[in-house]
Amino acid sequence: MTPAIVTFWILAVLAVGSAVGLVLRRNPIHGALFLVVHLATLGAFFLQMRAEFLAAAQVIVYAGAIAVLFVFAIMVLIPGREETGPDPLRAQRWLAVPVGGLLLIVLAVMLRSGLFRGAPATRTVPGGVAAIGLELFTDYLYPFEVTSVLLLAALVGVIALTKRRTA
Amino acid sequence: MVPTSWYVGLSAVLFVIGVLGVLVRRNPLVIFMSIEIMLNAANLAFVAFGQQHGSVDGQALVFFVLCVAAAEVAVGLAIIVAIFRLRRRLSVDELSLMRG
């Protein structure tokens with residue numbers, strides 16, 4: 001058991017536990033806090049895989065901005081009442097468990113098929129800002145520019161959606 | 001060094017948990033958070049495969065997923081807020097019509 005493997009298992013238990021907590025807890029605020037733990041754990045995984053830039057971006061964008069957005073929406077909407085009443089589709093919801101199990105089996109078979117069993121690359125992948133920046137502004141320049149258009153469209157769309165119509 | 005297959009296996013487990021969240025929960029906010037779990041599971045697999053092949057492409061793709069997720073959350077939450085203003089309730093089972 002090398003330190004890397006011990007770290008992997010601790011982080012894996014944290015990631016799976018927080019994800020299960022999000023799905024099972026009834027209160028959406030608890031879910032949002034579990035989501036923060038989950039996203040931070042994923043950031044730690046990125047750090048372990050030497051993807052430093054992504055780890056930082058994960059914490060800033062996901063655990064920072066997106067989680068705050070979720071908490072803000074929960075506070076605005078004051079939900080929690082919709083899942084207390086009787087559930088008319090209870091039988092259908094139990095079907096989700098075998099469907100999820102089936103999906104897991106399919107994924108496990110795919111993994112066992114030896115598709116991903118090649119020897120890992122010998123050279124380590126650079127994960128700093130310099131390597132990612134070089135990649136983004138050479139090979140991925142066009143998608144990068146399209147992404148900026150996407151974010152602008154989302155910005156305008158959100159304003160249009162939430163604007164109160166004045167009579 | 002942790003084997004790549006462990007990361008991919010963990011990613012598969014996390015993805016299935018996200019799918020279960022989407023299928024089981026009735027609150028659209030929690031469904032959105034489950035979608036985030038699925039996106040992050042895919043990100044984990046991307047980075048792991050990038051390490052496996054010794055290329056930065058996986059990390060660049062994760063960067064784009066991050067941007068798309070940010071846009072998706074913003075638009076999705078705006079739609080949820082608009083629905084809540086209209087109906088005063090939040091349950092995905094009641095939202096079977098596209099028209100208000």
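This is a predicted model: local features need pLDDT of at least 70, side-chain atom pairs count only at pLDDT 80 or more; totals for chains, interfaces and linings use all residues.
Two residues are in contact if their C-beta atoms, placed from the backbone, lie within 7 Å. Residues are numbered from 1 along each chain as its sequence is written, while chains are lettered from A and ligands numbered from 1 in the order in which they are written.

**Exercise 1. Describe the fold of chain B.**

Step 1: Start with confidence. Chain B averages a pLDDT of 87, and 96% of its residues score at least 70.

Step 2: List the elements. Helices (H or I, at least four residues) and strands (E, at least two) are DSSP runs, numbered from the N terminus. Chain B has three helices and zero strands, in the order α-α-α along the sequence.

Step 3: Judge the spread. With a radius of gyration (taken over C-alpha atoms) of 17 Å, chain B is well over the 13 Å that the globule rule (2.2 Å times the number of residues to the power 0.38) gives for 100 residues, so chain B is more spread out than a compact globule. Its C-alpha trace spans about 50 × 25 × 15 Å along the principal axes.

Step 4: Look at the contacts. Of the contacts in chain B with a separation of 6 or more, 44% join residues 24 or more positions apart.

**Exercise 2. Work out what chain B brings to its contact with chain A.**

Step 1: Count the residues. Chain B gives 64 residues to the contact and chain A gives 65.

Step 2: Find the elements. Helices H1 (4-24), H2 (28-53) and H3 (57-87) of chain B each give two or more residues to the side that touches chain A. H3(B) gives the most, with 21 residues.

Step 3: Sort by class. Ala, Val, Leu, Ile, Met, Phe, Trp, Tyr, Cys and Pro count as nonpolar, Asp, Glu, Lys and Arg as charged, and the others, Gly among them, as polar. This side of chain B has 43 nonpolar, 16 polar and five charged residues.

**Exercise 3. Describe how H3(A) packs on H3(B).**

Step 1: Take the geometry. H3(A), residues 52-77, and H3(B) pack at about 5°, with axes (lines fitted to C-alpha atoms over the stretch in contact; angles run from 0 to 180 degrees between N-to-C directions) 11 Å apart.

Step 2: Name the arrangement. Angles under 35 degrees count as roughly parallel, so H3(A) is roughly parallel to H3(B).

Step 3: Pick out residues. Leu54(A), Val61(A) and Leu69(A) are among those in H3(A) that meet H3(B), whose residues there include Phe63(B), Val73(B) and Phe84(B).

Methods: pLDDT is the predictor's confidence in each residue, from 0 to 100. Angles under 35 degrees count as roughly parallel, over 145 as roughly antiparallel, 65 to 115 as roughly perpendicular and the rest as oblique.
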